Amino acid sequence: MSANKTEQYAATTLDADRLAQSIKRHLQQSLGVDLEEAGPAEYWEALSLVVRELGLDLIRKTRHKERDEKARRVYYLSLEFLVGRLLGNNLHNLGIYKQAEEAMANLGVNLTDVLEHETDPALGNGGLGRLAACFMDSLATLDLPAFGYGINYRFGLFKQDFAGGKQVESPDGWREESCPWGIERPKRKQLIKLYGRVSERAGKAVWEDTQEILGMPWDVPVTGYGTDTVNTLRLWESRAAEGFDLSSFDEGRYQESRSGEIQAENVSQVLYPNDNHPAGKELRLIQQYFFVACSIADLIARYKRENGDNWDDFAEKVAIQLNDTHPAIAVPELMRILMDEEDIVFSKALSICREVFSYTNHTLLPEALEKWPQNLITKVLPRHMQIIHMINYHFLHTEVEAQWPGDNNMKRRLSIIEEPERPGGQQMVRMAYLSVVGSHKVNGVAALHSGLVKTTLFPEFNEMWPDKLVNVTNGVTPRRWLDYCNPELAKLIDDTIGNDGKVDWRRNLSQLDAINAYADDPAFQKKFAAIKHDNKIRFAAVVKELCNIDISPDAIFDVQIKRLHEYKRQQLNLLHIMALYRRLLDNPDLDVPQRVFIFGAKAAPGYKVAKTIIHAINRVAERVNNDRRIKDKLKVVFLPNYRITLAEKIIPAADVSEQISTAGFEASGTGNMKFALNGALTVGTLDGANVEIAEEVGDDNIFIYGLTVDEVAELRHRGYNPKDVYNSNAELKAVIDWLASGDLCPEEPDAFRPLVDSLLGGDYFLTLVDYQAYSDAHDKIVATWKKPELWWKKAIINTASMGKFSSDRSIMDYAKTIWNMA
Ligand code: C3B
């Protein structure tokens with residue numbers, strides 16, 4: 001490792017004076033701004049350009065080193081990279097944050113103000129996209145040769161506002177602000193084919209009469225912490241290829257006159273705003289193929305530049321990770337290149353693919369598993385559909401046949417092509433099956449989830465290939481999610497366990513374990529609690545600014561931030577808040593601590609019930625926050641436009657972390673790890689990584705409640721009627737009736753009907769079943785809060801026990817068990 005190299009590099013070339021000079025130079029010469037005119041936004045851009053220069057220099061050196069070492073590279077293919085703001089993070093990673101602070105101060109500017117001027121690149125929906133960003137950070141930090149490949153969307157995840165409590169979406173044109181991080185690389189552009197047909201000439205398949213679009217790469221430097229390694233995140237932007245017929249477009253009859261054709265620029269225009277739910281649109285399939293085809297062509301070109309035309313070493317040099325099934329079309333794409341362009345026979349091509357590819361499954365939700373109509377793939381990618389059939393034929397008739405001779409039923413069950421249930425239905429391509437068949441390893445993202453992948457999602461694959469399905473528990477980067485977002489706590493940890501080269505928890509998070517020795521220490525508890533209090537004061541100011549709500553830093557800050565989805569059960573939190581409010585109305589002198597319930601969540605624009613839940617929470621918030629009778633004992637805050645930057649402010653200020661999904665539905669969760677790392681106590685079900693968090697912190701230091709995966713299965717088997725629970729729990733009945741009454745939204749009395757119907761008409765996510773246990777868990781939270789020394793002990797143990805959940809550990813697991821790189 002090159003721990004000190006960057007410090008040397010940065011220190012020798014960029015002390016505060018040099019930095020200030022470079023900032024001035026960029027202000028004047030790159031941006032054309034006079035010093036007197038420059039405000040924080042200009043300073044942000046100028047400093048970003050300075051860091052970009054440094055990043056580019058280090059990227060070049062990283063590339064040379066990798067070329068010399070001829071190492072295996074990993075290519076992380078993902079439709080989403082939710083990187084968040086980059087300037088502060090890059091300054092930290094490069095070891096020049098302090099120098100930058102000083103340089104700015106010398107110029108009369110405050111670095112913190114400057115950093116606030118960066119727009120979040122919102123190139124992802126939620127957990128899956130943020131995980132990809134944490135992984136990029138860890139890959140660079142661990143000096144592993146890696147590229148991230150994705151799409152440079154013009155519009156990221158929509159911006160969210162509330163009107164009358166309802167979610168209103170508007171486009172996120174993040175690139176309209178200047179974005180110095182992406183560097184256009186025309187030399188590496190690619191030409192991609194779509195549509196057309198396949199003919200056979202001299203025994204070879206020829207894909208012709210295609211449309212072509214151009215893929216232009218934008219490179220974002222990815223710095224690692226305390227190392228010279230800077231990797232590349234290469235994001236593709238679609239453009240019209242030369243010769244693309246724009247005339248018909250100009251005449252305004254483009255869509256009609258060339259029906260079925262696409263407008264090239266549209267491909268990378270927008271991120272589909274769905275989390276855990278596929279859009280199923282033709283343009284989405286094209287997006288997937290577009291970025292996959294550009295990336296595969298790009299990595300093959302790199303391989304050939306470095307290794308020549310000999311395919312024998314390809315699998316030794318290349319590992320490709322499929323982040324969910326979104327890039328699954330990479331399997332037939334690589335097959336196509338190997339067979340049609342490189343004259344490699346089918347069986348060899350398939351074995352190369354299987355050495356190169358591996359696939360991460362992020363969800364068990366049946367409706368979230370991607371399937372594409374065979375007709376659509378045939379239309380957009382006719383050659384790929386043929387190759388999928390070839391793979392499927394080989395798989396069923398050689399491999400499945402060997403395992404279950406003569407078992408046609410098994411062949412039907414395992415076929416990559418799903419036959420329609422009803423006559424006249426469509427044949428669908430199961431992208432998850434294609435990914436499993438084309439990969440050497442398939443991983444789930446937490447132990448519980450990976451177990452379910454083996455037993456319920458892919459049991460037959462597990463029987464056929466017992467070593468293929470593995471677990472890699474998710475992780476988060478401690479650089480962004482502790483060091484950067486909670487500097488006071490980072491400093492307390494440094495002061496307590498040291499930061500001298502021997503101890504370096506930022507790169508070896510298990511060293512936090514040493515903090516456990518201080519969990520009972522009153523002096524340490526006091527400092528820990530004071531830091532949380534400071535963070536809460538800062539966050540209260542954010543809430544005041546964004547929502548104009550006053551919250552007290554002495555209250556319990558109870559937080560649920562994540563995408564809005566019924567399985568994540570924000571509605572359970574809501575019902576409980578409504579009940580708390582009613583309890584206070586019944587007895588305003590109730591001896592309870594002040595509590596603030598904080599939400600942040602975007603709902604997919606087409607997801608009706610999710611939007612109803614947002615509306616209901618906002619209406620309840622309005623009622624509760626303005627009711628003087630309850631004497632500020634309860635507040636509800638729904639922060640608009642939740643995103644990475646807000647998460648960085650909320651998480652260090654949280655006392656309670658809500659991780660309350662229906663057991664078996666949240667594959668892992670990663671927010672749960674960030675909260676615990678920052679000393680919040682989890683209230684959660686035994687779902688996803690909560691199980692492993694509980695193992696690490698111990699049952700006494702987490703509030704676990706509710707049905708387990710097995711109990712959920714048993715209940716479904718027995719049969720469940722939500723009305724039974726509703727009729728037997730008076731408090732629950734009262735709040736649901738209140739929700740249904742129209743009282744909270746008089747101008748639209750049926751506004752919350754979709755939510756009420758979903759709860760009483762089936763309650764698929766078992767919200768009502770878990771209600772009482774959840775309410776009881778909250779009573780325990782309150783009882784614990786009333787004993788501060790107990791509370792802070794638990795909080796400290798949480799921070800101290802998060803070593804396992806560093807994304808460095810996840811990446812080392814991938815490197816060892818999947819990529820064969822360590
Ligand atoms: C998410 C899952 O819902 C989370 O449980 C998990 O922690 C993350 O992925 C990362 O593994 N997920 C997502 O954000 N989008 C999907 N389409 C599927 C899963």
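View 1. Gln 321 belongs to strand 11, residues 318-323 (strands are DSSP runs of E with at least two residues, helices runs of H or I with at least four, both numbered from the N terminus). Why is Gln 321 counted as buried? Because it has 25 C-beta neighbours inside 10 Å, and a residue is buried if 20 or more other C-beta atoms, placed from the backbone, lie within 10 Å of its own, exposed if 12 or fewer, and partly exposed in between. Residues are numbered from 1 along each chain as its sequence is written. In this predicted model, local features need pLDDT of at least 70 and side-chain atom pairs count only at pLDDT 80 or more, while totals for chains, interfaces and linings use all residues.

**View 2. Helix 22, residues 522-547.** This helix of 26 residues reaches 36 Å from its first C-alpha to its last, close to the expected 38 Å (1.5 Å times one less than the number of residues). Its buried residues include Phe 528, Ile 531, Phe 539 and Val 543. Among the elements covering the buried residues are helix 21 (487-497) and strand 18 (556-561). Just after helix 22, Asn 548 has a positive phi of about 55°.

**View 3. Residues 253-260, a stretch with pLDDT under 50.** pLDDT is the predictor's confidence in each residue, from 0 to 100. The model has 7 contacts for residues 253-260 beyond four places in sequence. Where pLDDT is low, the predicted coordinates should not be read in detail.

Notes: Two residues are in contact if their C-beta atoms, placed from the backbone, lie within 7 Å.
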